[in-house]
Amino acid sequence: MTERPLLTQRPAWAALQAHFARIQKVHLRELFAADPARGSRLTAEAVGIYLDYSKNRLTEETLQLLFALADACDLRGRIDAMFRGEKINITENRAVLHTALRAPRHATILVDGHNVVPEVHTVLEAMRAFVERIHTHQWKGFTGKPIRNIVNIGIGGSDLGPVMAHEALRFYAQRDLNFRFLSNVDGTDFAETVRDLDPAETLFIVCSKTFTTLETMTNAASARQWLLAALRDPASVARHFVAVSTNAAEVRKFGIDPANMFGFWDWVGGRYSMDSAVGLATMLAIGPQHFRDMLAGFHAMDEHFRTTPFPQNLPVLLGLIGIWYGNFFGAETVAVLPYDQYLKRFPAYLQQLTMESNGKRVTLAGVEVDYQTGSIYWGEPGTNGQHSFYQLIHQGTKLIPCDFIAFCQSLNPVGRHHDLLMANVFAQAEALAFGKTADEVRAEGVPEWLVLHKTFPGNRPSNLLLLEKLTPFTLGTLVALYEHIVFTQGVIWDIDSFDQWGVELGKVLASKIVPELEAAHEPDLQHDSSTNTLIRRYRRFTKPPTP
């Protein structure tokens, strides 16, 4: 591909560096005092999300320079290329078209000259038909009992997406179905997942594109053994297992009827797949119509990202603000703080989406970067986090930009709970921005020796995303928002946000170590001295000495 100048060699980058030197110590108190309308002016609104980004350490000039950087990196051209189905995942020579998963039926999206939208809707229709058979008890287990337990077996995107969506949309879920999610190869995860389930009433969804993923297939094999130990007939597997895969031969070999295999495509990365057939457990939980509503939310954000000028474009704004803190202020993490208990797994979902996508150190041209990429994402729902890690954000030495997410309406109104919750999210953003000066502390009569302890420096940046209420549609908009933030930042950093070679080396080495752990006789170990010692110590506890 055409070689481009490194990011740090671009004039737009140099302009931002010079600007940063001038304003890096300006306090948010000064910015708000100089512009009384700042709090209502530095906002944007689209597809049901109101974004207040006024509590960031930036000015109009900062924004213009960031937009200039986006233009210099051809962000608009890269957005268009993705939506056109060009193979922008260059290390795997693949298109990147998770946006096709939520495209309306009449849309045309080409991959190698082939419109993929009809295939997407064929799979969605197959999912709908299957879900209705489960919900109406037309699909029964091998002994004739209806299915009451759904266990999703996957890992990474085949687990984190369904888990997060199930928790986020629990309010809309079928309460007569019990959902479990199995991912860890640790036997404890399997044992606790199935401990109190009746095999005759349990359906397993095995999510693995190749049907060879080590962790997923190990758990699936254990689930198969667990089922057969109770039902004692290999024919029972076909009534208690379905697959989300593209490998019909392996699916059939496992005992699953390929007619109950739901496919997806190599232009869908695992961490971008929760709205594909990987979302079968989600559709089973919330029903086909709510699932369609979620897809509509995804699509609405896709269209906003694709068509909206950068100054009003939510993913672009948030992506560039993240660049500002990560590459100029040196911030290394982003705290995502949802003030809704249903979103308790949302930060964990974002960890894979953001860090597996942008945890890269080589440009598209194969040159090692000389700048930071890929922020560390983390968080907890409020107000739990306030009594955990907010102390460090408020008074610690690290700069941690925050994304607050809140909803005006509670799905479960109880007394004054929601007013208290919302008061906290507004107050935390205010406290982080403006803090409390030493003079304000003294005015409260605090002894001088205690003043510094009770002073809050403020100038801690945050965004606040305010929505009406949590629905399948709004969940779709939020997930797509962060997907496109990831894309925006990947374009600026000139990296491939859609491969994940960093996951591979550990897997390859593990496959070599497994037979060494399981060998009946002492193996000839060829690792480093640390790994050799650890393997030998493990074997002393797990393998009896050979005569």
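At what angle do the axes of helix H13 and helix H14 cross? Keep in mind that this is a predicted model. Select residues 288-307 for H13 and residues 314-329 for H14: their axes cross at roughly 70° and come within 8 Å. Angles from 65 to 115 degrees count as roughly perpendicular, so H13 is roughly perpendicular to H14. Now show the side chains where they touch: Met301, His304 and Phe305 from H13, and Leu314, Pro315 and Val316 from H14. Of these contact residues, five are nonpolar, one is polar and none is charged.

Start with Glu356 and Arg271, whose closest N and O atoms are 2.9 Å apart. Glu356 sits in helix H15 (residues 346-358), while Arg271 is in the loop between strand E9 and helix H12, so this pair ties together parts that are 85 residues apart in sequence. Arg271 is buried, at 2% relative accessible area, whereas Glu356 is partly exposed, at 23%.

While you're here, select Arg102, Asp275, Asp302 and Glu483: salt bridges with shared partners join them into one network.

Move on to Glu167 and Arg170, which form a salt bridge at 2.9 Å, N to O. Glu167 is buried, with a relative accessible area of 15%, but Arg170 is partly exposed, with 30%.

Last, pick Asp52 and Lys55. Here the closest N and O atoms of the salt bridge are 3.7 Å apart. Are these two buried or exposed? Both Asp52 and Lys55 are buried.

Note on methods: Residues are numbered from 1 along each chain as its sequence is written. This is a predicted model: local features need pLDDT of at least 70, side-chain atom pairs count only at pLDDT 80 or more; totals for chains, interfaces and linings use all residues. Side-chain values use heavy atoms; hydrogens and water are left out. Axes are lines fitted to C-alpha atoms, for helices over the stretch in contact, and angles run from 0 to 180 degrees between N-to-C directions. Helices (H or I, at least four residues) and strands (E, at least two) are DSSP runs, numbered from the N terminus. Angles under 35 degrees count as roughly parallel, over 145 as roughly antiparallel, 65 to 115 as roughly perpendicular and the rest as oblique. Contact means heavy atoms within 4.5 Å. Ala, Val, Leu, Ile, Met, Phe, Trp, Tyr, Cys and Pro count as nonpolar, Asp, Glu, Lys and Arg as charged, and the others, Gly among them, as polar. A salt bridge is a side-chain nitrogen of Lys or Arg within 4 Å of a carboxyl oxygen of Asp or Glu. Buried means under 20% relative accessible area, exposed over 50%, partly exposed in between (1.4 Å probe, protein chains only).
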